[in-house]
Amino acid sequence: MTLEPRAEAAPHRRATRNRSWQGLLLPVLLAFAVLVALGTWQIERKAWKEALIATLTERLAASPQALPPAKDWAKLDRGRDEYRRVKFTTNFDNAREALVFAAATAFRPDVMSPGYWVFTPARLADGSIVVVNRGFVPDARRDPKSRPQGQIAETVEITGPLRWPDERHWFTPADKGLDPKTGAVARFYVEQEAPTPPGGLPQPGKLVVSLPDNHLQYALTWYGLAAVLAAVFGFWAATTGRRTVPVDRP
């Protein structure tokens with residue numbers, strides 16, 4: 001008797017589920033929280049920047065006041081007194097001027113070419129010393145011999161805002177050329193805005209407040225990304241479901 005081969009059973013199809021959206025909920029929530037936090041931080045930075053700009057604008061627009069005497073210098077506070085305009089009469093110690101590379105700054109947009117700031121000790125009538133940033137010199141005029149007219153020997157009245165140097169760190173070199181035994185040395189310096197010396201160098205200048213304020217744009221970007229993330233995940237979670245995938249069973 002001939003046996004007919006048994007017909008193969010049709011492939012069985014079973015339902016499987018895509019990866020559950022609940023498994024991605026926690027990382028999505030964490031990412032959403034980070035994006036919202038970044039946006040909120042930028043809003044806070046915006047408020048801080050606007051307050052800073054208003055404070056600096058007010059101080060730099062005020063009339064200059066007499067420089068406090070050396071006995072009161074310890075009472076000056078960076079947060080309260082920086083950028084306040086002062087005036088005083090002094091004599092420059094030109095032999096001890098120091099050059100500092102003039103990096104781009106939002107406060108002196110008139111300085112565009114490579115060069116240096118000229119910092120010079122200035123001695124007051126009581127023997128105390130204030131360092132003055134006399135202004136900018138281009139690289140080709142860094143040598144004082146190339147600008148002899150600017151090496152002022154006579155007494156001069158300086159006007160400019162108070163500034164504080166950056167915090168010292170491990171790589172900050174030791175101060176040289178100033179002997180505190182000969183008189184008090186100010187822990188601040190003065191950005192000279194006037195007068196302009198004969199020959200025009202070093203080039204002083206009035207500080208202007210032109211700080212960038214893009215924090216609202218950044219905040220909207222972070223909040224927008226958070227909204228997109230929430231919308232995409234919500235759509236995916238709402239539409240995901242069961243799919244039928246063919247699986248061969250012997």
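A: In this predicted model, arginine 134 lies over the face of phenylalanine 92, at 4.4 Å from the ring centre.

The whole structure holds 7 aromatic pairs. In one of them, the ring centres of tyrosine 83 and phenylalanine 107 are 5.3 Å apart; their planes meet at 25 degrees, under the 30 degrees that count as stacked, so this pair is stacked. Tyrosine 83 is in the loop between helix H2 (78–81) and strand S3 (85–92), while phenylalanine 107 is in the loop between strand S4 (98–101) and strand S5 (115–123), so the pair ties together parts 24 residues apart in sequence. Both partners are buried: tyrosine 83 has a relative accessible area of 9%, and phenylalanine 107 one of 13%.

Another pair is made by phenylalanine 233 and tryptophan 236. Their ring centres are 5.9 Å apart and their planes stand at 40 degrees, so the pair is tilted. Both residues belong to helix H3 (residues 215–239), where they are 3 residues apart, about one turn of the helix. Phenylalanine 233 is buried, at 14% relative accessibility, whereas tryptophan 236 is partly exposed, with a relative accessible area of 31%.

Ring pairs also join Trp73, Trp164 and Phe188 into a cluster.

Terms used. Residues numbered from 1 in each chain as written. Predicted model: local features only at pLDDT ≥ 70, side-chain atom pairs only at ≥ 80, totals over all residues. Heavy atoms only, no water. Phe/Tyr/Trp six-rings, centres within 6.5 Å; stacked < 30°, edge-to-face > 60°. Helix = DSSP H or I, 4+ residues; strand = E, 2+ residues; numbered from the N terminus. Buried < 20%, exposed > 50% of the residue type's maximum accessible area, 1.4 Å probe, protein only. Lys NZ or Arg CZ within 6 Å of the ring centre and 35° of its normal.
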